[in-house]
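Hi everyone, thanks for coming.

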Amino acid sequence: MHHHTTKSSIGFVALLNLIFAISEFLAGFAFNSTALLSDAVHDLGDAFVLILSAVMKKVSQKKPTVNYSYGFGRLNLLTALLNSLILLLGTLFVVREAISKIQAPEPVNSSGMFLMAILGVAINLWAVLRMKGSKNILDRSVMLHLAEDLLGWLAVLVTSIIIHVTNWYILDPLVSLVIALFIFSRVLKNLYQVYQIMMIRTSSSEEMSKLSQAITGLDGVLEMSDSHYWSLDGQTQIFTAKLVIKSDTDTIALRQAIDDLLAPYQIACSTIEFLTSQ
């Protein structure tokens with residue numbers, strides 16, 4: 001029962017974010033506020049991530065086929081790439097707007113900004129509370145997105161109040177640049193993660209050396225070579241190795257012992273080749 005509610009929560013929160021991000025773009029143009037525009041890009045990116053997460057969660061669980069024997073988990077990488085590109089384009093657009101406004105500050109409708117920000121804070125707070133308490137890793141990452149959105153909105157809220165009191169219109173493009181920088185750093189982090197998985201980087205060199213030590217310490221194992229420990233999609237790991245073993249070793253028992261060692265590591269697929277020493 002609970003599982004169903006979290007999935008519908010993600011879909012619902014995503015839809016809410018999407019509708020709100022679009023209205024935010026319109027408000028940004030209407031109230032002449034680049035801070036609203038950059039926050040809209042941020043929210044749009046999040047809505048996109050949420051919608052794709054919900055869709056990908058379904059698709060990536062499709063059973064492996066003859067041609068796609070590892071399944072479809074890596075579609076998440078394509079999603080991450082696509083989302084990063086969309087966010088980068090949006091951010092570049094906002095930065096261009098902001099720089100021209102810093103050079104020649106224009107009046108901003110601070111009351112409109114203020115109302116939008118109040119709405120943004122309220123909606124995100126409500127969404128965070130709705131997702132709270134879920135143990136699901138995807139839901140937790142969604143919560144993180146919403147918490148970030150909340151901070152963005154608080155920044156816009158404070159800015160709108162200061163502009164209202166002081167008429168320092170230059171604050172609007174400055175805040176939008178800060179939000180844009182934040183989005184940019186997050187995109188770079190995502191792209192780096194995608195790069196690591198695409199390059200079949202070892203999931204964790206610490207875990208790898210722990211595993212190597214544990215496996216070579218098993219009864220009958222003389223040495224381990226050609227071992228690989230990598231991630232299929234950032235969540236599921238694959239492990240392969242060649243073991244030189246004593247000729248009288250009970251391979252079935254050994255394989256079982258290795259499986260027990262691998263169990264805590266979220267390894268979906270492990271292939272071990274036994275070679276007996278002459």
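Let's begin with Met113, which touches Phe31, Ser33, Ala35, Leu36, Val108, Val156, Thr159, Ser160, Ile163 and Asp172, leaving out residues up to four places away in sequence. Please keep in mind that this is a predicted model. Met113 sits in helix H4. Is Met113 buried or exposed? Its relative accessible area is 0%, and the cut-off for buried is under 20%, so Met113 is buried.

Met113 belongs to the largest nonpolar core, which has 24 residues. Leu36, Val41, Met113, Met116, Trp153, Val156 and Ile183 have the most contacts inside that core. Which helices supply at least two residues each? They are H1 (2–30), H2 (34–59), H3 (75–103), H4 (110–131), H5 (137–166) and H6 (171–198).

Beyond its neighbours within four places in sequence, Trp153 is in contact with residues including Phe20, Leu36, Asp39, Met116 and Gly120.

There is also a second, separate core of 17 residues, with Met208, Leu218, Phe239 and Ile272 among them.

Last stop: a helix pair. H7 (residues 205–216) and H8 (residues 251–262) pack at an angle of about 155°, with axes 10 Å apart. Angles over 145 degrees count as roughly antiparallel, so that is how H7 and H8 run relative to each other. The crossing is right-handed. Leu211, Ala214 and Ile215 of H7 meet Ile258, Leu261 and Leu262 of H8, giving 6 nonpolar residues, no polar and no charged ones.

Terms used: Residues are numbered from 1 along each chain as its sequence is written. This is a predicted model: local features need pLDDT of at least 70, side-chain atom pairs count only at pLDDT 80 or more; totals for chains, interfaces and linings use all residues. Side-chain values use heavy atoms; hydrogens and water are left out. A nonpolar core is a set of buried Ala, Val, Leu, Ile, Met, Phe, Trp, Tyr and Cys residues joined through side-chain atoms within 4.5 Å. Buried means under 20% relative accessible area, exposed over 50%, partly exposed in between (1.4 Å probe, protein chains only). Helices (H or I, at least four residues) and strands (E, at least two) are DSSP runs, numbered from the N terminus. Contact means heavy atoms within 4.5 Å. Axes are lines fitted to C-alpha atoms, for helices over the stretch in contact, and angles run from 0 to 180 degrees between N-to-C directions. Angles under 35 degrees count as roughly parallel, over 145 as roughly antiparallel, 65 to 115 as roughly perpendicular and the rest as oblique. A crossing is left-handed if the near helix is turned anticlockwise from the far one by less than a right angle, and right-handed if clockwise. Ala, Val, Leu, Ile, Met, Phe, Trp, Tyr, Cys and Pro count as nonpolar, Asp, Glu, Lys and Arg as charged, and the others, Gly among them, as polar.
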